[in-house]
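Thanks, everyone. Let me put the structure up, and then we'll walk through it.

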Amino acid sequence: MSTGKKILKFLSSMQFAVILLTVLAAACCAASFISQGQTYEWYAGVYSERTAAIIMALHLDDAFHSWWFVMITLFLCLNLFFCNVVRLPQLVGRTKKANDPLHVIKGPVTCSKENVRDPELLIQKMHMPKARTVQTEDGKTILFSQKNTAGIWGAWVCHLGILLLIAGFGLGQMLKQEYTVYGVPGQTKQVGDTSYWITIDNFETRRNPNGTLDQYITELTMRDVSSTDGTGKSASVTVNGPASMYGYRVYQNSTGWAADMTITKSGEVLQEQPLCAGEFALVKDKPELVIYLNAVYPDLIAGANGMPATASEEPNNPGYLYSVYYMNEIIGMNILEKDDQITIDDYTVSFHDPQNYTLVQVKKDSFAWLAFVGGMLTLIGLLLAFYLQRSVIWAEKTDKGYTVYGFSPKAGVLFKEQFDEAAAEKE
Amino acid sequence: MESLERVLFTAVLFTYFAAMVLYFAFIAMKKDNLSKGALIVQAAGFLVHTCTIVVRGIAAGRLPLTNQYEFASAFAWGLCLVSLIFIIRFRFPVLGAFAAPVIFLIIGYAAMQSKEIHELMPALKSTWLGFHVSSAIISYGSFGVSFVLSIIFLMRDRITAHGFLDEHIPSRQKLDLISYRSVALGLLFLTITIISGAIWADRAWGSYWSWDPKETWSLVTWIIYAVYLHLRIRRGWNGRAAAIFAVIGFICVIFTYIGVNTFLPGMHSYA
């Protein structure tokens, strides 16, 4: 056998599949125990510097996107692909042979019974389809019944499904577009670098009578500014209720607190805008001066160690943790309570009207359908393999009645038991 | 309703315990009639358990499949159902003697969990909840049965030294086939669990696969059973090696259910 053929044989082998699956399972286990996406310093703090170095060197900080994980997956795809390519002609041949009674009756037998008077009744008791009459080459007449030949294709269809699933997931990961848009009602923001803009028309946090959370509902309008039609499309988005607009899916992702910020200069209102927690604003006529809203505490209290905390999600006593930067250097950080102001030279900054902002996720994954088809094929393949197990019964006329033979490559001893019971009942 | 549920749940605990004792007595006293009694008590326990779940569902006003208590109870229910089917279908009462302690352990774990009824968080309010969790219950129940069958397979030669068990435990070949049937059922339903979970995750979280620890461990479980299936058809590896993988697979199932929630919190932390 040539080296190329040897490599192809190994790549398509079940042995290679078992090795790959075991390595993949071990890799997933290891990765699940290591917090993903952290920094070297974080790992060094939690484990040790040596362990942190190993984690970073082996890319265990982002294991599921690491080169070695991608390689394992690629080899698995190669294995599935070559396995299916090699097995396709074999399966076509097996299916042809399985559908040829003259070939089947020359093959292996799982069980048999002699001197059966009414083979059709036995076939019926075995829940087999009605037998047909077949003439053998030597002129004998046999009764032949077969079911579930499609089961032969189960593993092949399942492998194809997994291959498509991995391909759909991989392509989706590489080529998907994913953006987040957040804001309070009335704000309009661009969706990433696309030509689409989203206006938050309304945002509601619906609660149950006992105060627990029921649902987040964002009403929004999406517009394509490159289109002459400026009307846009409106939709309501909830958790578990995404909207489809312009080929994108819009998901209700999360929420947080925001507040209206007012900046005055020498007593005149210079700037008014909503600011979400974690967002910053440049002072209009002095962009090197930046106001950053670290957090909003709707019901401010002193928490553990005197750190700010919130007593409830009701805006009873709002507090605003802010930072001020000048020329990228932090020059102040404090908490503002109701009616407090920050004064920096001629500028006065204040926060008021705390409110929830909404964060929606805007996504386009053009290959999700491929992953879905793959998933469905995997399921169909498993159904075929597990529940359409091929069974054959045929009966040959003899002097004392019929000799009935049964064959079921997968059900084996269970098929034989069922056959023997049905035959015994007959007796 | 909640007090009725507690009474029924206590009855379930006692009935499953009684079934376990009867199964043990059947083996110890070598009396076939006791196995019939054990099977009847197990079936009665299953019916009471079904009523408990229904009452819980009415009290909560939703499918009772969302927290550790509810899922543990449903897991024991699924294992009881699948084991009953396999005991009856394959006329194998010894399976009950091995399955009953596992069922009792799981229902015991449920008894230790908080039974308080909470409102569902928005992510759980979905019609996919029913498909996703109920398929997981059947899947876990089937894997539980395959675990028990594999243990019997591995111990067969030691426990059949005296004639009574030898008569009541099928041949290794048949045990392997029955175990394969339960793994097949489990894997099919685990695949439905993963696919329905992915569709639901896409609607709720905007991503059908996020490598969340629960997702990852479900995949690990799926892979372990896929290896089991490959080993079974490979000459020289079937039988013992496959049975060991079925045992490892069930350890993964238990870790996916309890271990992940305890040690690896993620987006499934409520389950």
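In chain A, 58% of the contacts with a separation of 6 or more join residues 24 or more positions apart. A contact means two C-beta atoms, placed from the backbone, within 7 Å.

Some housekeeping. This is a predicted model: local features need pLDDT of at least 70, side-chain atom pairs count only at pLDDT 80 or more, and totals for chains, interfaces and linings use all residues. Residues are numbered from 1 along each chain as its sequence is written, while chains are lettered from A and ligands numbered from 1 in the order in which they are written.

Now the overall form. Chain A has a radius of gyration of 35 Å, taken over C-alpha atoms. A compact globule of 427 residues would be near 22 Å, by the rule of 2.2 Å times the number of residues to the power 0.38. The C-alpha box is roughly 115 × 50 × 50 Å along the principal axes.

Chain A has 10 helices and 21 strands. These are DSSP runs: helices are H or I, at least four residues, and strands are E, at least two.

Take β16(A), residues 319-326. Strands pair if DSSP finds at least two bridges between them. β16(A) pairs antiparallel with β13(A), over eight bridges. There, Tyr292(A) partners Ser323(A). β16(A) also pairs antiparallel with β17(A), again over eight bridges. Here Tyr325(A) partners Ile330(A). What sits in the turn of that hairpin with a positive phi? Met327(A), at about 50 degrees.

Last, the contact between chains. Chain A gives 35 residues and chain B gives 34. On the chain A side, α2(A) supplies the largest share, 10 residues.
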